[in-house]
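Visitor: Hi, could you walk me through this one? I'd like to hear about helix packing and then domains.
Guide: Happy to. Here it is.

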Amino acid sequence: MVAEMLAGLVSGGVYAALAVCIVLMYQMLGVVNFALGAMGGLGACMSLLCVRWFGLGPVPSTLAAVACGAIIGIVLGLLMARYFLEASVELRTTVTIAITVGIIAVGDRILDGATYSFPNLFAGPSIEIFGTGVPVGSLIEVAAALLLAVGVQVFLRRTHLGAQMRAMSERPITAGLLGIRVRTLTVMVWGFASAVATIAVMVVLPTSTTSFPSLAYLVVFALGAALLGLMRNMVIAAVGGVLIGMLQSIVQPSAIGRYTEAVPFVVIVLVMVWWRRRDVWSEAR
Amino acid sequence: MSTSPRRSIMRRSLTLAAAAAIALAASACASSSSSSSGGSAGGAASGSAPIKVAQITTISGGYPFGAVVPGTQAYFKMINAQGGVDGHQIQFVYGDDKGTASQAAELARLYVLQDHAVAMVGNTSLADCNTNASFYAAQDIAVIGGGTEPLCFTQPNWYPVNAGPYYGKVVQWQYTTRVLKPTTVCEIEQNDPTSIPYYNQLRTWFEAQNPGVAATFKEITYTNDATQNPTPAVAHAKALGCDLVELSTVAPNMVAFINAAKSVGLDATFITLGSGYDTSVPATLGALGDPGALGPNDKGVFVGAELAAVNSANPQVQLMAKTFKTDGVPANFWSEIGWVSAAMFVSALKEGAAHYNITTASGVLQALRNMSPYNSGFAANPMQFGTGNSHPGNRGSQMLLIQNGTWVVAPDQNDGSYEVVNGLLPTAKS
C-alpha cells in the first residue's frame with residue numbers, strides 16, 4: 001500500500017497545482033475554470049511542436065511551452081474581460097466549458113494517437129522511498145504546489161497588487177471606478193494560471209497517455225481538491241489534491257479499482273458531511 | 001401603409017424558425033461526421049455503377065482507432081486509380097460513432113438504408129458489433145474490419161482481420177510461458193466489464209491446458225488507462241515482485257507504462273497486444289525500449305502484432321508501406337487493419353465479379369461467402385469469409401521486440417515468424 005500511495009504523488013502534484021489555480025481564479029475572477037486542464041495540455045503540446053518544427057532542445061522547448069501556455073491564458077483572459085467581465089459566475093463558468101470543448105478539438109489534432117517524446121526536464125531521476133522509486137519531478141511539483149498556495153495567499157494579503165486584486169474580486173465595478181486596472185489584472189490571472197497549468201501537465205506527461213481529452217480531464221479531479229478547500233483556501237486545496245492523488249493510487253490496483261475516478265466525489269461528500277455535522281445535529285436536536 | 005406589430009412579430013418569428021431549421025439541417029448533415037472519399041469524383045472508367053462502401057469507426061471518445069480510416073482510403077484510392085473492381089469504382093464513406101451505441105446504430109442505418117452502402121469495410125468500433133449485429137444480418141450487409149468485442153468474432157456477417165483481444169491474448173500467454181518464462185506475471189487489463197467474463201473463461205481454459213502456468217500469474221489489475229495515470233498499477237506490480245507485465249492497451253499508453261516503470265524502479269519485461277504496435281514507439285522510448293533498460297529481468301518490450309510488422313519483407317506489406325508513405329498515412333496497427341480489410345474485400349469482389357452483382361449487398365455477401373482463401377501477406381493464416389455462423393479470423397500474431405531502435409521479429413515463435421493458436425478457442429459461455 002505504501003508503494004501505491006507514493007505512486008499517487010505523480011497525479012497528486014498535478015491535482016494540487018491545478019487546484020490552487022482553480023481557487024485563485026474563483027476567488028479573484030469569479031469563474032470556475034473547467035478549461036484549466038485543457039489550457040495546460042495545449043500549452044504542453046506547444047513543446048512538442050517546438051521540437052518537431054524548430055528542433056529545439058528540452059529546455060528551450062519547455063520554456064517556449066510555458067510562454068505559449070501563458071499566451072493562451074492571456075488571450076482567453078482578454079476575451080473574458082472584454083465580453084464577460086460583468087457576467088454572472090454561472091455564465092462565465094459555462095463559457096469555460098465551451099472553451100474546453102474547443103481546445104480539445106484543437107489538441108486532438110496535435111496528438112493524433114501516435115506516441116510522442118515530450119521534452120521532460122525531470123526525466124530519469126527518482127528517489128527510493130520505502131522501496132519505491134518516486135520521480136523527482138513529482139516531489140518538486142508537490143512541494144511547488146504547496147509553496148504556490150502559500151505564496152499566492154501571502155501575495156494577496158501583503159502586497160499592494162494583491163490588495164487591488166482582492167478589491168477587484170469583491171467589487172469589480174467599484175474597483176474600476178477607483179482606478180484599479182480590472183481588465184489588466186483579469187488577464188494577468190488568466191495568464192498566470194495557464195502558465196502554471198502548463199508546467200503541471202508537462203511534469204506528468206511522460207507517464208500519461210497522450211490522449212488530449214485525458215489531459216483536459218485532469219481538471220475534474222483538481223476541482224474535487226478545490227472543493228475540499230471550499231473554493232477559498234488554496235493550501236487545503238493543494239493538500240487535498242495530493243491526498244486525492246494518493247487515495248486514487250491506492251484504490252486503482254485494488255478490487256474496487258474500477259471506481260477510482262469516484263474517489264474525489266467520495267472524499268468531497270465525506271468532508272461536506274463532516275463540515276456540516278454541527279448544523280445537521282443541531283437541527284435534529 | 002405600415003405593417004401591424006403582430007405581422008411584424010410573425011414575420012420575424014418565421015424568419016427565425018426558417019433560420020433554425022436551416023441550421024438544424026446543416027448540423028444534422030455534419031453530426032454524422034461522415035465524409036466521402038475513394039475516387040468517385042474521379043469518374044468511373046466505364047460508367048458502371050459504383051460499389052458503395054461504408055465504415056463505422058470509433059475515432060473519438062475512446063481508443064485511437066482513427067488511423068483505420070486513412071488506411072482503408074489509401075487502398076481504395078489505389079484500386080480506383082487502377083480502374084476499380086471489374087470497372088466499378090469504389091465509393092467510400094466513413095463515420096465516427098464516438099464509441100456510443102446510439103451513434104453506431106444511426107450511422108449504420110444512414111449508410112445502409114439511405115446511402116445504399118453494400119458492405120461495411122474496416123469497421124473498428126467499440127459499439128458497432130454489439131449494436132448492429134441483427135441489423136447487418138437482416139440487411140445482408142457483410143462487414144470486414146477490426147474486431148474489438150467478443151461479438152465481432154461470433155457473427156455470421158462479420159469477419160475480423162485481426163486476432164482480436166482473445167486470440168491475441170492466448171498467443172501472448174503461449175509465447176510468454178514457452179519462451180520468456182517469467183517467474184511472476186502481473187496483468188494490467190482494460191476495465192471493460194463486457195470482456196472480462198470471456199477473458200476469465202479463456203484464462204481458466206489456458207491454465208487447464210498448461211499445468212503449472214497458473215502459479216506464475218500473480219494478479220490482474222483493471223484500469224481505465226485512458227484517463228488514469230499508470231504509475232500506481234506499475235508500483236503495485238513492483239510491490240508484488242512481478243518480472244513480466246502483460247498489457248492490453250494502445251501504443252501511447254504502453255509508452256506511459258514503461259516510463260512509469262522506469263520511474264518507480266520496476267525491473268520487468270513488458271508485453272502487450274497488437275494494439276500497442278506503432279512504428280513510432282521505438283523512437284519514442286529510445287534506450288528505454290532496449291532489453292535490459294529496466295534491469296536484469298527486463299528481456300525487452302514485446303508486442304503481439306496481429307498483422308505483420310510494417311517493415312516486413314513481404315511484397316504486399318511493402319506495397320502498403322510505400323503507399324502509406326506517399327499518402328502520409330501513419331503506419332500502425334489501426335491503419336493496417338484498414339488496409340487489410342479493404343484488400344480482402346477487393347480480392348473477394350474481383351473473384352466473385354463474374355458470378356454475382358457486386359454492386360448490391362446480397363451480391364457482395366455471396367462473393368465473400370464463396371471466396372477462396374486469401375493470402376494477405378499480413379496474417380498468420382489465410383483469410384476466408386466463408387459461410388459459417390462465426391469467423392474467428394486471424395488466429396495468430398507476429399511477436400515483435402524492440403531492438404536498436406526498431407521493431408524486429410522476436411525469436412522462437414511456433415509458426416516461423418508468427419505465434420499461432422492451433423485450433424479454435426472455446427466459445428464464450430452466455
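**Helix packing and domains**

Guide: Let's start in chain A of this predicted model: helix 12 of chain A passes helix 13 of chain A in a right-handed crossing.

Visitor: At roughly what angle do helix 12 and helix 13 of chain A cross, and within what distance do their axes come?
Guide: The axes of helix 12 (residues 234-251) and helix 13 (residues 263-275) of chain A cross at roughly 125° and come within 9 Å. Because of that angle, helix 12 of chain A counts as oblique to helix 13 of chain A.

Visitor: Which residues make the contact?
Guide: Helix 12 of chain A brings Ile244(A), Leu247(A), Gln248(A) and Val251(A), while helix 13 of chain A brings Val263(A), Pro264(A) and Val267(A). By class, the contact of these two helices has 6 nonpolar residues, 1 polar and no charged ones.

Visitor: Okay, over to chain B. How do helix 2 and helix 11 of chain B cross, left-handed or right-handed?
Guide: The crossing of helix 2 and helix 11 of chain B is right-handed. The axes of helix 2 (residues 68-81) and helix 11 (residues 333-352) of chain B come within 6 Å and cross at roughly 35°.

Visitor: And which residues are in that contact?
Guide: From helix 2 of chain B, they include Val68(B), Pro70(B), Tyr75(B), Phe76(B) and Ile79(B). From helix 11 of chain B, Trp334(B), Trp339(B), Ala342(B) and Val346(B) are among them. By class, the contact has 13 nonpolar, 5 polar and 1 charged residues.

Visitor: New topic: what are the domains of chain B?
Guide: The domain assignment gives domain 1 as 35-162 + 312-394 and domain 2 as 165-305 + 397-420 in chain B. Their centres, taken over C-alpha atoms, are separated by 29 Å.

Visitor: How many residues of each domain of chain B are in contact with the other?
Guide: In chain B, 12 residues of domain 1 are in contact with 16 residues of domain 2. The domain 1 side of chain B that touches domain 2 has 8 nonpolar, 3 polar and 1 charged residues.

Visitor: Last one, confidence. Where in chain B does pLDDT stay under 50?
Guide: That is residues 1-47 of chain B, for which the model has 40 contacts beyond four places in sequence. Chain B averages a pLDDT of 84, and 86% of the residues score at least 70.

Visitor: What ipTM and pTM does the predictor give the complex?
Guide: The complex gets an ipTM of 0.84 and a pTM of 0.81 from the predictor.

Notes. Residues numbered from 1 in each chain as written. Chains lettered and ligands numbered in written order. Predicted model: local features only at pLDDT ≥ 70, side-chain atom pairs only at ≥ 80, totals over all residues. pLDDT = per-residue confidence, 0-100. Contact = placed C-beta atoms within 7 Å. Domains from an automatic or database assignment. Nonpolar A, V, L, I, M, F, W, Y, C, P; charged D, E, K, R; others polar. Axes fitted to C-alpha atoms, helices over the stretch in contact; angles between N-to-C directions. Helix = DSSP H or I, 4+ residues; strand = E, 2+ residues; numbered from the N terminus. Left-handed = near helix turned anticlockwise from the far one by under 90°. Parallel < 35°, antiparallel > 145°, perpendicular 65-115°, else oblique.
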